[in-house]
Amino acid sequence: MIGYRDRILTPFPGAARLPAVLQLGGIVLLLSLAAAAPCRAEEGNIFSNLFKYGGTTVPPSQPETLEPPYCPPVEVAEGAAASRTLAGDTVRTQFSLGRLARECTRRQDGSITVKAGAEVNVLLGPAGAPGRFDVPVTFQIRYNGKVVSSRVERASVVVGPGEAQGFATIVADELQVPAAMTADYDIAVGVGAGKGAGGKPVAKPRRRKPAVAAAPAGGGDAAQ
């Protein structure tokens with residue numbers, strides 16, 4: 001039995017003269033190195049990541065810094081600041097717009113998304129009664145006077161008993177501005193939900209180049 005065990009545990013000539021404990025320890029060490037060999041490359045990657053990125057994994061690539069978007073103020077479309085409902089010749093309710101706000105975000109593809117908000121007011125007239133009112137509000141992105149995108153949001157406004165008016169806020173998210181139009185576009189809002197609700201946006205004043213005075217004859221100063 002001793003000779004059989006020596007043949008099994010002897011990995012090289014002369015090893016039989018070593019104590020059995022050293023023979024077993026050498027085999028265990030070889031097996032441990034063989035098992036660890038495939039992991040050595042992975043450990044090298046982890047350590048290199050620690051030096052390069054301060055962590056064991058490669059961080060995701062960061063998007064390029066985008067320039068701030070052009071974000072014009074919200075304009076009330078012409079003729080769409082308010083609307084009324086009548087009972088005969090008497091006003092029942094009047095819907096109107098109050099404060100306006102917007103937020104613009106540039107996207108990686110160069111386009112812009114606009115988030116616009118409006119305060120909606122319901123005022124009771126002589127023929128009005130308290131209750132809940134559904135007020136449609138149209139948000140539009142326009143370019144050169146043409147509608148690029150449009151959305152109708154509905155504000156639910158409550159006028160309680162004994163009160164003459166009520167308020168609510170309404171927000172339209174993700175209004176799209178194509179990349180080719182981001183340098184000069186308009187944000188318009190108006191009360192109503194019909195086709196082309198709100199009519200035309202209020203015209204923006206255009207800057208004009210100063211006229212160049214004609215030089216007087218003879219090249220000198222003009223006579224006074």
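Helices (at least four residues) and strands (at least two) are runs assigned by DSSP and numbered from the N terminus. In this predicted model, the secondary structure of the protein comes to two helices and eight strands. Along the sequence, these elements follow the pattern α-α-β-β-β-β-β-β-β-β.

**Confidence of the model**

- The mean pLDDT of the protein is 75, and 58% of its residues reach 70 or more.
- Residues 1-10 keep a pLDDT under 50, and the model gives this stretch six contacts beyond four places in sequence.

**The protein as a whole**

- Of the 224 residues in the protein, 28% are buried.
- The accessible surface comes to about 15500 Å², and carbon and sulfur atoms account for 58% of this surface.
- When contacts between residues at least 6 apart in sequence are considered, 65% of them join residues at least 24 apart.

**An open sheet of four strands**

- Four strands form an open sheet in the order S1-S8-S5-S6, and their pairing is mixed.
- The edges of this sheet are strand S1 (74-76) and strand S6 (146-159), each of which pairs on one side only.
- From one strand to the next, the twist averages 30 degrees.
- S1 and strand S8 (residues 186-191) run parallel and are joined by three bridges; here valine 76 stands opposite valine 189 in S8.
- S5 and S8 run antiparallel, with six bridges between them; in this pairing, phenylalanine 139 stands opposite valine 189 in S8.
- Strand S5 (residues 131-143) and S6 also run antiparallel, and 13 bridges join them; arginine 132 stands opposite valine 158 in S6.
- S5 and S6 form a hairpin with two residues between them, and asparagine 144 in the turn has a positive phi of about 55 degrees.
- In a regular strand, side chains alternate between the two faces of the sheet.

**The largest nonpolar core**

- In soluble globular proteins, nonpolar side chains tend to be buried together.
- The largest nonpolar core of this model has 28 residues.
- The residues with the most contacts inside this core are Val114, Val120, Val135, Val137, Phe139 and Tyr185.
- Strand S3 (90-106), strand S4 (112-124), S5, S6, strand S7 (165-177) and S8 each give two or more residues to the core.
- S4 provides the largest share of the core, namely seven residues.
- Apart from its neighbours within four places in sequence, valine 135 is in contact with Phe95, Val120, Val122, Glu153, Arg154, Ala155, Val157 and Val191.

- Serine 96 lies in strand S3.
- Serine 96 counts as buried because its relative accessibility is 13%, and the cut-off for a buried residue is under 20%.
- Neighbours within four places in sequence aside, the contacts of serine 96 are Ala81, Ala82, Glu119, Val120, Asn121 and Val191.

How values were computed
Residues numbered from 1 in each chain as written. Predicted model: local features only at pLDDT ≥ 70, side-chain atom pairs only at ≥ 80, totals over all residues. Heavy atoms only, no water. Pairing = 2+ DSSP bridges. Axes fitted to C-alpha atoms, helices over the stretch in contact; angles between N-to-C directions. pLDDT = per-residue confidence, 0-100. Contact = heavy atoms within 4.5 Å. Core = buried A, V, L, I, M, F, W, Y, C linked by side-chain atoms within 4.5 Å. Buried < 20%, exposed > 50% of the residue type's maximum accessible area, 1.4 Å probe, protein only. Areas by Shrake-Rupley, 256 points an atom, 1.4 Å probe, with all protein chains shown as cover.
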